[in-house]
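Here is a short report on selected helices and a surface feature. Please look over the structure first.

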Amino acid sequence: MYIIITYCLFQVVCWRAVASIAWAVLLLLPITAVFVILSRFSLLHPIQTFSGQSLCSFAIFSLILMCGVIIMVGFLNLEYYTVIPTIACSKIALLGQLLHPRQFVNSLAHCIMGIIVAWCCAVTLGGRYETIGYPCTQGDGTDSSPQMCLNEYHLILLLAGAFVGFSHSLLAVISNINYVSFHTVQQYKYLRFKGSLPFVVKCSAAQALYSVRNYIVVYFFLGYIPKAWICKTLNLHLNSSVHPLDSIAGLLDLSLLYHQWISASFLLFTWNITLLLFRIFVTEFLALQDVALLSQHSPSRRCEVFSLSQPGGHPHNWNAISKECLSLLADLTQRLVAYHDTVATNGRAKSLSTGKDLMSPRPTLLLRTPASVFARFVVGTPHSPLTAPFTPDLDSPFASPALRRLTAPLDQCSPWFGTVQSPHIMRRAPKLWSTSTGERRLMEDVRSLGSNGHLKQNNFILNCPIQVKHFLAKRVLIMYLFNKLPEASSQALFADSQAHIWALEGLSYLVQASFSEDQFGVIQTTLPSILGCMLILQEAVDRHFKLPHASSKPVRSASGMGDSTYKTLRFALRATLKTAIYRITTTFGNHLNAVQMSAEHRKRLQQFLEYKE
Amino acid sequence: MCSLALFPAPLACGQTTLCESNNELLSGTATDHRLKQDSSPLSLYFPRESLKLHCRTESSSKAAFLDHSETLWMRSAAAWRDGGLTGLLNEITNSNTEVPKWLSVSSGFTLALLRWFSSFHGSLFPHLTMSSENMLAEFSQVLNWSDCVVRAFAWHPHADKFAVALLDDSIKIYNPKSATTPTLKHRLQRSVAAVQWKPMCASALAVACQNCLLVWHVDPCSLSTRPSSGCAQVLSNPGHSPVTSIAWSPSGSLLVSASPMDTAMMVWDVASESCVPLQRVGGGGVTFLSWSPDSSHVLASTPSALFRVWETRTWTCERWPCVKGRCQSGCWSPDGSRLLFTVQGEMVIYVLTFGDTPAGVPTCTSKGPQAAAVVADLSETTFNTADGDIIVGGEIHSLSWDPTGERLAVLLEGDPQAADRPAIIAVFKTRTNPIFELLPCGFVQGEPGAEPRMMQFHPNFQHGALLTVCWSSGRITHVPFYFLGAGVPHFGLSGSPSLPRPQERPADFANQSLFTELIS
């Protein structure tokens, strides 16, 4: 049954992606029209802009090609997207991501698509950009035999497209562009699209500007290589009477710069629009989010949650929801506690074993690469093996027993497997947290968090001879590459916290509503466990935020299509957790004194009741 | 419809309103009142002289430094950094001896064009030409904001504490149960227009400042009297200043902010410091926000004769064009089904009803009301008192409805020039079942010479309603209204359920036989 549901969810995501691609293709026509108008704009003859030549067959062909590119970009978006970002915890891990074969294929695809788009742009621009070769007469007039010469304007535009495509794909990895976050407020798709359109225009234009700047520098130094290669393969000649473009005078052609920039903007804009549409379509109403929203907005659906099953009188709906949410939260607590213990033992173990170590007390040789970015979704094989680089296998001889202890229970009480028992949720299958890939990626992330964590590395460090370590520590480059990025591990720990936030909101709203709406006292039975779970999590979160770097705010990223929401998820989780507990305590007030719980929890709860947290 | 003519006459000079008991407003002489109030820990007095005002002006401190010759490049770069495009053009136009003639002439021409265009834009939306101080004063819910010692006031929604923003840009937090009164100061905390505590939280306080929004996290257990500016989160967005109004969602998850300069209203996720702009054509800015207590709607008024009611599930809005002026103030009934609002230039209170659903079931449908109805007429009425005629009535500055939905306070602007037309607070009794009704209760007056500037009801007063009033003299007083609520609207989602009201009488009024009679 699980596989059937997963398949359904996958289909939902696919259909949404198809719809988004269809919209992107439809939008291509107006975008191209704007591009044509802007590219022909001349300052001195504004009227001439609109009196261009009619569409030739080349232009129509290029439009069809562009549609193909958009569909390809949409497909790549669907293929690579993730709801849990990959957070590289050191420079070397980032390098590993960039050099991964899968990423290489992605970059190559973007390169080729960039060339195709640039060719379309060149054809649309017409004039001197139109063809790669042109007939010319070489020599001093004595033997003026007609030859084909290389049109460098055409070439420079094609290469610009390739460069921009390539740099776009690299930037995508660095800024986690494939990460799909969920909006703080729900809006209709059209309004969301309209609202973020100016931003996309701005950031495409800015990114195009920087890319073109870098490209010009590269072309100035290395432009002769592709030029010579093209001439050789296509049997073209270089026209010596025309000034070469890889010189300062050639590159400082304002019209050429403008056309390069507008073409790059066009390219990036079409791709970013496709990405934006994909994000908007795919993040619409998912299961856990749906629980959070229904608990907040829909009394009739809340009523269904509080109802008893007809024969038997069991609160199946509520049991399913609360069990799922509580196991999610317990999982996070466990993860936090394990992380905290690891950090604590790390320091102590180090100080014991290498008492007079020159290195800092905090281990420097830590690298972690959550594998989720490389985890591909394959229908029917839930446990795809981890193939990411720098991710040690779970059953490697180095794995410590502590590590096994950490990972084993996570595998069994998986947060997502068997998500859907509640019959009323099943009826609304399409509204489920439908990123079925997300489930898998979450699992892998959880596992990789455990597997390639500090324990392993520390174990490795302890086993390796101290001399080697000293030798490595003295090499600046190695230190630079392997040094742990501050707060990255904290970010990685909370990478999937959007689900926890929804679980907390859903639970707390339901409990709050139960005060007046729960006729059968369904919720009362689970209230102690809910409160206990939240209070333990609160304690773990508090402890986590006392660690260095955990509470430092990330630098607010500048404009770009990459979504940096994941960097602040831990703050959002902390705030939501506190609000959730307050929501319950303000609703129930002193009635909570009648709830069974341990003395320690009661003390903590009292703090909340007195508004002292 | 209720009118001011039905009200009991205002008090004679020297008398102040003490409380409501037995269904009538009791008064006493000012000295009695002061003695009683001074003993209470929550009554405060901020004399204007005690505040150290800084004489920092808005413009830069450039004039204080000696002029020194820089190259044109340096000056242009500095002008670009300080004043943007207009600054750069101004600099080039002014230094016409150093630049080529065509450049200075063309930049002068561009500057003139820009000015003409901005004046055209300003004529469409006159508020855009105001300075930010004037704009804050114009759109604030505080009467005569720029001259007011207490610039903003907020009760905590759950705990017994409040925050007061003063003229010297500091914020003090008073808690009767604790000896420390933390004072919040921040470099960016200037011209505070509004403060509000985050619901479902003990510590977070949002502050609307001139250039940004601040969210302070004041640990209630901390003994520090000067929390560092590291405790404040700075939320800012280009073009979104000055911030004149803020509103937390009653569930405590979102914060919305409004600026008359920005046509978009910002919805903030405070923890992650990210915002979603909600923009619609028309209006030219957003001035006042109010979130309904059931968190289903948000009122957003604009500087033009137009206001919007946003529905908070999918964030769509209804447009409500007004006839005369902009929507000045508004407040929601505790169950979120009714919106009272006032319009600038009119002397009436309007009501909008959102769906006739029973209390506790918030409406999610987009089917709103068709037209607003007038519920009260507050046109000028002359009362004969012992001290001569007093004219009460006129335009309404702000509205406040108590959390039980039984009392409505209305701050009337009056006329600062005329002595016989003071600003005054009129209090109505409100009834929502079976039909919506306003009944006169009385006027709330302070000591002689003190005018009310702002008011707020205590969010969970046990014995009825407690109105906190900030006066022009810098005094903050609390006026209790003792009554037994009739059918307190129970409300499912937000707002704490009301506790059973204690039967014992408050100590101050032990000599009185009954403290109220049941309404309805």
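## A covered helix

This is a predicted model. Helix α20(A) is mostly covered, with 18 of its 21 residues buried. The helix runs over residues 497-517 of chain A. At 1.5 Å a residue, α20(A) should span 30 Å, and its end C-alpha atoms lie 29 Å apart, which agrees.

Helix α23 of chain A covers residues 599-609. Its buried residues are A:His601, A:Arg604, A:Leu605, A:Phe608 and A:Leu609. Viewed down the axis of α23(A), these buried residues fall within an arc of 150°, so they line one face of the helix. They pack against two helices of chain A, α21 (527-545) and α22 (569-588).

The other side of α23(A) carries exposed residues: A:Ala599, A:Glu600 and A:Lys603. Just after α23(A) comes A:Tyr611, with a positive phi of about 55°.

## A nonpolar surface patch

A nonpolar patch sits on the surface. Its members are A:Val217, A:Val218, A:Phe220, A:Phe221, A:Leu222, A:Tyr224, A:Ile225, A:Ile248 and A:Leu252. Together they have about 890 Å² of accessible area.

Which helix gives the largest share of the nonpolar patch? It is α6(A), with 5 residues. Helices α6 (189-222) and α7 (224-234) of chain A each supply at least two residues.

A:Phe220 belongs to the patch and lies in helix α6 of chain A. Its relative accessibility is 30%, so A:Phe220 counts as partly exposed.

Methods. Residues are numbered from 1 along each chain as its sequence is written. Chains are lettered from A and ligands numbered from 1 in the order in which they are written. This is a predicted model: local features need pLDDT of at least 70, side-chain atom pairs count only at pLDDT 80 or more; totals for chains, interfaces and linings use all residues. Side-chain values use heavy atoms; hydrogens and water are left out. Patches are made of residues with over 30% relative accessible area and no salt bridge: like charges are joined within 9 Å, nonpolar side chains (Val, Leu, Ile, Met, Phe, Trp, Tyr) within 5 Å. Accessible areas come from the Shrake-Rupley method with a 1.4 Å probe; for residues, only the protein chains shown count as cover. A salt bridge is a side-chain nitrogen of Lys or Arg within 4 Å of a carboxyl oxygen of Asp or Glu. Helices (H or I, at least four residues) and strands (E, at least two) are DSSP runs, numbered from the N terminus. Buried means under 20% relative accessible area, exposed over 50%, partly exposed in between (1.4 Å probe, protein chains only). The expected span of a helix is 1.5 Å times one less than its number of residues. The arc is that of the directions from the helix axis to the C-beta atoms. Contact means heavy atoms within 4.5 Å.
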